[in-house]
Structure formats: structure tokens, C-alpha cells
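Colleague: Before we discuss details, could you put the model on screen? I would like to go through a sheet and a helix pair with you.

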Amino acid sequence: MIPYISTAYNEQTTPIIPITKGTIDTWMAAQSTYLQAVAKQQKFGAKAGQSLFDYKADGSLAKVFLLVTDELNPYDICHAFKGWPETHYHIACETAEITAHVILAWGYGNYVFDRYLKNKPHPTLVVKDHHEYRTEIALVKATKLVRDLINTPADDMGPTELSAFAEHFAEVNHATFTEIVGDALLTENFPSVHIVGRASHKAPRLIELNWGNDSHPKVSLVGKGVCFDTGGNNMKAAQFMRWMKKDMGGGAHVLGLAQLIIDHQLPVCLQVLIPAVENAVAGNAFRQGDVAQTRSGKTIEIGHTDAEGRVILADALTYASESKPDLIIDFATLTGAARVAMGPTVTPYFSNRKDIADAIFDSGQLTHDDTWPLPLQQSYQKHIKSTIADLTNSSNLPQAGCILAALFLEHFVDPEIAWVHVDTYGWNFGDRTGGTEGGESLGMKAIFHWLKETYKQ
């Protein structure tokens, strides 16, 4: 399932010996004169992620020394494993925290999206004590799931294919799968999902998965599933449309988070909702100035057809609220404003419960999945009012776009229900993963750590 990590026993493995940067001088003093000379010649110890290969007399690899940061941030050493010999390794370390750190770095750094490539050989990390490190292995597995979904081109990951993936996911994980497709969305009262996706040759749909015991606290995950976003009639320029296969990143994130919840058997009753559409251009595409109906009864003036994600989430959040869950979490690649405010790797989020917002921030610090809470600034509500409908999906205010989008979504969440909105980017430019640009999970690990602590078995 993870091609570069194995839990099968293998005697023929090369040890990786991690050394923290703070102990490098002590380690160096204990080495042979030869190894000290090699380390000095290669300037080993100067930068986290450096590796020093030690060979046997016959020229075969004996061991690898790996320099890690004292902070044990796996993203600091994701680049470390590029070009390593294609053999099997194990981590020779008595400290569980350092071992966990290297497992995560190995898993995040060795990822390659190879669906359209010929099979490429790769080094493999053997984790013999996989029960002790099941969380780390699960995090790597879920991150790979998110990345693979986002990286897959829209022709192979449209609403139809995302639905097929979700159905298979449900079958493998003993969950139930249902979907409402095409014009049935109108019959079943999901008009805002329908209006955004109706122009595509791949029918819009609401995907639903359910897992767990009904007697446990209910957690609803909602993920934006815009499988490709042209911008609609307000079409994006080419440079902004190029990577819009990633606009279903919210759907990918909730599936990855669901995988973590299921793998850890958290005592929750889990619901996953993904409104899956393609924002295409055709004669029946929705237009700027149209008024969209919603499941809640509120109406939305379409100020801009490229602000479609919040429109489809309106129905999904309303539907999630109807079953009165203990918690709703939505993930969406929603606004460019979030990137302007936070850059590509710090993920802004919002919550209608301050204690939850504080706890998620702490979890982000612990997991090195940096998140930052932003306010649901109620005085800004006036900027999303319409003169002909209840709301507009696009404000004329040129600032606070991330906050305005969150305020829009808040209208469709029952205020009695704890709610978290994550405006994830779903992408990295290679600096985070050791040089591999593409889909990325951002905010998922922080949220999962908080959920794991909240819903302990």
C-alpha cells in the first residue's frame, strides 16, 4: 500500500543511525579516525538532512548516519533520501520519538506520483515494530492518499471517478456508500450542488460515506470536491487554471482524515460528505448575476462564477447539520486570499468554538502541520449581503477574502453545532517534500491529532 515502506520482516536491511544536530560533536568524538576524516571532508554535521554512508571492506553498504534536527520536524529532512541506494533499510535507534520522526520524513520525502510513469525502483524502509509506529505509518498512508487524489488529472479524477474511488474506499473500510447524482440532486433538494456542476458531461453528485457505531459521538466531515475549476463563465486565465485539478483537495483531505479515523478505530460515528462537481463552461452553465437556491432556503446571488466552492458547500453543510452531529469539519481549497495571508504551508482555519480553535493550533505545533486560527469577524457580514438575494458568493470588498468565505459558510451551519472550517491549499512547490512539487495534505495531521486526543478510546 505504501511502496517505500514495508512492515514485512527482512533480515537483509541496512541500519540508518539518526544523530540529532545537538549531539553531533559528542558523536564525532566517538568515531574512528577514518570516519572522522570522511565526515570532516563531507562537512557532515553542518545541515539537517545530511547523510554519511559507511562501507564495509568489500565495498558494500554497512550503515548510514543521518543528521536530524533537535526539533524533530520531519519536513526538515524530507530531501535527505534522494539518491540513496535502492536497498532495504531499518532505523537503528533506541529513542521512539526520533524513530517516529525518521519514519515520517522517509514517508513524506520518498513519495512520487507514478501513475503514468514506468515502475521506478526505490529504497524501502522496513519498520519491524509496526504496531508501535502505527500512527506514523497511518499518517504516511493517508498523506499518500491525499496526494494521489490531488495529483491525478481531472480527466481521470472527475466527479464520476472520485465517486468510484469513494465507493471502493467504503468497501475496503467497511463503511456504507451512497450518492445522489445529476437531476436527482434537484429532487432530493441539493440545488446549489446541481447548479454549479450541471454544465459538465460528468454529472454532479453528493457522495456520502458512513462508518462507526451510532451510539458514539457523530463527526461529520465535509470536503469541497470541485474536480476541475475553469472559473466558469468568469473563466480563469491560463496560468491560474493550470493546476485546478487540485480544487477537489478538500474532498481528498476528508477521505485522508477518514482513513486515519478508521485506521485508529476512533470511537465516533463518522459521516463523510463530498459535493463533487466540475465547474465547466457550456450553454447551461450558471452565470454571473444568477440566483442559486439552497437546501437551507437561503438564496445566493452569483457575484462571480469562480467562487463556486462555497456554493456547493452550502448544501452539504446544511445537510450535515440536519443530523445534529457533535462536530462538523469542512476542508476546502477555497480562497487565494488564504495564500496571500499565510503563504503555501501555513493553513488558516476558523471555528465557532474558541476552545477548539486553540486546541487545533496546539496540535499543529506538535505535528509540524502549521495551522493558524483566523476570526469569524461578524462586522464583515455586511460585505456578503446581496440586494436581490440573502447572500452573495463574491464581495466587492478587495480585502479579507478568506474571512468573508468563512462567514458565508457559517450561514449554513447550525450554530449549536461545533464547526471547523479549514481553508487548505492542497499543494506544495517542492520545498516541503524534498523537491517533489504537487498535491499535499495541509491541516489534516493537525486536525487528526486533535481528534485523536478528543475522542480517546
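Colleague: Which strand order does the open sheet of three strands have?

Modeller: This is a predicted model, in which local features need pLDDT of at least 70 and side-chain atom pairs count only at pLDDT 80 or more, while totals for chains, interfaces and linings use all residues. Residues are numbered from 1 along each chain as its sequence is written, and side-chain values use heavy atoms, with hydrogens and water left out. Strands (E, at least two residues) and helices (H or I, at least four) are DSSP runs numbered from the N terminus, and two strands pair if DSSP finds at least two bridges between them. With mixed pairing, the order is E12-E13-E17.

Colleague: Why is one side of E12 and of E17 left without a neighbour in the sheet?

Modeller: Strand E12 (291–293) and strand E17 (391–392) stand at the edges, so one side of each lacks a neighbour, because each has a single partner strand.

Colleague: Which residue is the bridge partner of Glu301 in E17?

Modeller: Strand E13 (residues 299–301) and E17 run parallel and are joined by two bridges. For Glu301, the partner in E17 is Thr392.

Colleague: At what angle do the axes of H10 and H13 cross?

Modeller: Axes are lines fitted to C-alpha atoms over the stretch in contact, with angles from 0 to 180 degrees between N-to-C directions. Those of helix H10 (residues 309–322) and helix H13 (residues 401–410) come within 9 Å, and they cross at roughly 30°.
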